[in-house]
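These are my notebook entries on one structure. I set down what I looked up, one topic at a time.

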Amino acid sequence: MTHTVRRRAFVTGITGQDGSYLADLLVAKGYEVHGVMRRASTFNTGRIDHLYRDPHDPEARLFLHHGDLADGSGLRHALEQVRPDEIYNLGAQSHVRVSFDAPEYTADVTGSGTLRLLAAYRDYARGAGKDVRFYQAGSSEMFGAAKPPQLETTPFHPRSPYAVAKVAAHWYAVNYRESYGLFISNGILFNHESPRRGETFVTRKITRAATRIKLGLQKKLFLGNLDAKRDWGFAGDYVEAMWRMLQAPAPDDYVVATGEAYSVRDFLEATFTQLGLDWRAYVETDPRYLRPAEVDHLLGDASKARDALGWKPQVSFAGLVAMMVEHDLELAHREKTLREAGHSSALERQHD
Ligand code: NAP
Ligand code: F7E
């Protein structure tokens, strides 16, 4: 009887947008995936429920562990239990505007949380008896005010507590690589979106609102700065780049981006046009959504990832908008049907 030893991945942030796409990718590649999830008073596994089976089921490939990046001993224990081959640190307080409201918490989870996991990884890897690799989820926000296009050699100029925490995490990762000879790669990923994107990030906030407006479920959309430009790609493409970084012969740092930037206004135009609407009739500005310091223009040059990893994005800006609008229109149709059947609809909320 042949017995295949599955590669094991350990993923923080498994319940988030990227965690869910990465879990899809790794399970499809035959990995056993172990995810760290926070204890919450409501269910927070909606993005990965499709992969979950009872752990006693021999077909189960996704296993969940309670843990928190604020809790180093728990992370250590989980790593020792799981004994992974690859570690992906995707967990973070990832909302830029919220990081101005909760700066110390963001520094602790997004910055020091990475250090906690790196220290646990170093100690586990010492006695693991095998090659263990680590991916750190860095961000284009680290470039902040740096002039576009941004690439690996562009100096960081972070503009928010989130971005400062990610710069700290980046340098902790470089320092652990240089100090202990560990296989640690930093991805510097530009914005990536999807139908699974959190609803308080601007793209999803727009596609959710526009589709609800189309079906008469919402009247207005309140936004902040429409002039900011972002290099928006599809999250499903970007998790492939993370995986490729850990399959490379040596650890390194890579920018992952599409090489095209569009403004928030462009995203509005593309979304509402697809629905046959004029966004100007529905969008209003609310200063609540402005940030104390803005990042005006992010545009990535991912030549290194293309040349060294053979990675390039598959989904265009237009394709991304179309995919998100189609998904959210379906959600709006379901909401409308429920409303018409007398069920109360989800509370209308204004998002960050
Ligand atoms: P996301 O949807 O906000 O997911 C963040 C994940 O981190 C969630 O699973 C969240 O759990 C978890 N988390 C939050 N606080 C935690 C804590 N204290 N301990 C453990 N886990 C915690 O973010 P994403 O878009 O998937 O991004 C993944 C990673 O890439 C993040 O580190 C983000 O900062 C970074 N990044 C994202 C982008 C982008 O455009 N998406 C670009 C560059 C870098 P809950 O589900 O319980 O909240
Ligand atoms: O904002 C503007 C806002 O929150 C994009 C995170 O995944 O990507 C993300 O950070 C732009 C900003 O993403 C609203 O001012 C206008 O200029 O969708 P966002 P972000 O700040 O770029 C990076 C790479 C990450 O690493 C982060 O984790 O849109 N904007 N009006 C608005 N933004 C929001 N959220 N809400 C508004 O109403």
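Entry 1: terms and model. Helices and strands are runs assigned by DSSP and numbered from the N terminus, a helix having at least four residues and a strand at least two. I note that the model is a predicted one.

Entry 2: two backbone features. I began with arginine 83, in the loop between α2 (72-82) and β4 (86-89). Its phi is positive, about 50°, although arginine 83 is not a glycine. I then turned to the peptide bond that joins proline 148 and proline 149, which is cis, with omega about -5°. Proline 149 belongs to the loop between β5 (133-139) and α5. For comparison, I recorded that most residues other than glycine have a negative phi, and that most peptide bonds are trans.

Entry 3: α4 and α5. I asked at what angle helix α4 and helix α5 pack. For α4 (residues 103-128) and α5 (residues 161-180) the angle is about 15°, and the axes are 8 Å apart. Because angles under 35 degrees count as roughly parallel, α4 is roughly parallel to α5. Their crossing is right-handed. On the α4 side, the residues in contact include Pro103, Thr106, Leu115, Leu118, Arg122 and Arg126. On the α5 side, I listed Pro161, Tyr162, Lys166, Tyr172, Tyr176 and Tyr180 among them. By class, the residues of this contact are 13 nonpolar, four polar and three charged.

Entry 4: α6 and α8. Helix α6 (residues 202-214) packs with helix α8 (residues 264-274) at about 30°, the axes lying 10 Å apart. The two helices are therefore roughly parallel to each other, and α6 passes α8 in a right-handed crossing. Val202, Thr203, Ile206, Thr207, Ala210 and Ile213 of α6 make the contact with Val264, Phe267, Leu268, Thr271 and Phe272 of α8. I found eight nonpolar and three polar residues there, and no charged ones.

Entry 5: α1 and α7. Helix α1 (residues 17-28) and helix α7 (residues 235-247) pack at about 65°, with their axes 9 Å apart. The crossing of α1 and α7 is right-handed. Among the α1 residues in the contact are Asp18, Tyr21 and Leu25, and among those of α7 are Val239, Glu240 and Trp243. The contact has eight nonpolar, two polar and two charged residues.

Entry 6: ligand 1. How many residues surround ligand 1? I recorded 25, the closest being Thr15, Asp18, Arg38, Ser94 and Tyr162. A polar side-chain atom of threonine 15 is 2.6 Å from an oxygen atom of ligand 1, and one of arginine 38 is 2.7 Å from an oxygen atom of that ligand. Tyrosine 105 places a polar side-chain atom 3.4 Å from a nitrogen atom of ligand 1.

Entry 7: ligand 2. Which residues are closest to ligand 2? They are Ser94, Ser139, Tyr162, Arg291 and Glu294, out of 23 that surround ligand 2. Serine 94 has a backbone N or O atom 2.6 Å from an oxygen atom of ligand 2. Through their side chains, asparagine 191 has a polar atom 2.8 Å from an oxygen atom of ligand 2, and glutamate 294 has one 2.6 Å from an oxygen atom of ligand 2. I noted finally that Ser94 and Tyr162 are listed among the closest residues for ligand 1 and also for ligand 2.

Conventions. Residues are numbered from 1 along each chain as its sequence is written. Chains are lettered from A and ligands numbered from 1 in the order in which they are written. This is a predicted model: local features need pLDDT of at least 70, side-chain atom pairs count only at pLDDT 80 or more; totals for chains, interfaces and linings use all residues. Side-chain values use heavy atoms; hydrogens and water are left out. Axes are lines fitted to C-alpha atoms, for helices over the stretch in contact, and angles run from 0 to 180 degrees between N-to-C directions. Angles under 35 degrees count as roughly parallel, over 145 as roughly antiparallel, 65 to 115 as roughly perpendicular and the rest as oblique. A crossing is left-handed if the near helix is turned anticlockwise from the far one by less than a right angle, and right-handed if clockwise. Contact means heavy atoms within 4.5 Å. Ala, Val, Leu, Ile, Met, Phe, Trp, Tyr, Cys and Pro count as nonpolar, Asp, Glu, Lys and Arg as charged, and the others, Gly among them, as polar. A residue is near a molecule or strand if one of its heavy atoms lies within 4 Å of it. A polar contact is a pair of N or O atoms within 3.5 Å; within protein, one must be able to donate a hydrogen and the other to accept it, and residues adjacent in sequence count only if both atoms are side-chain atoms.
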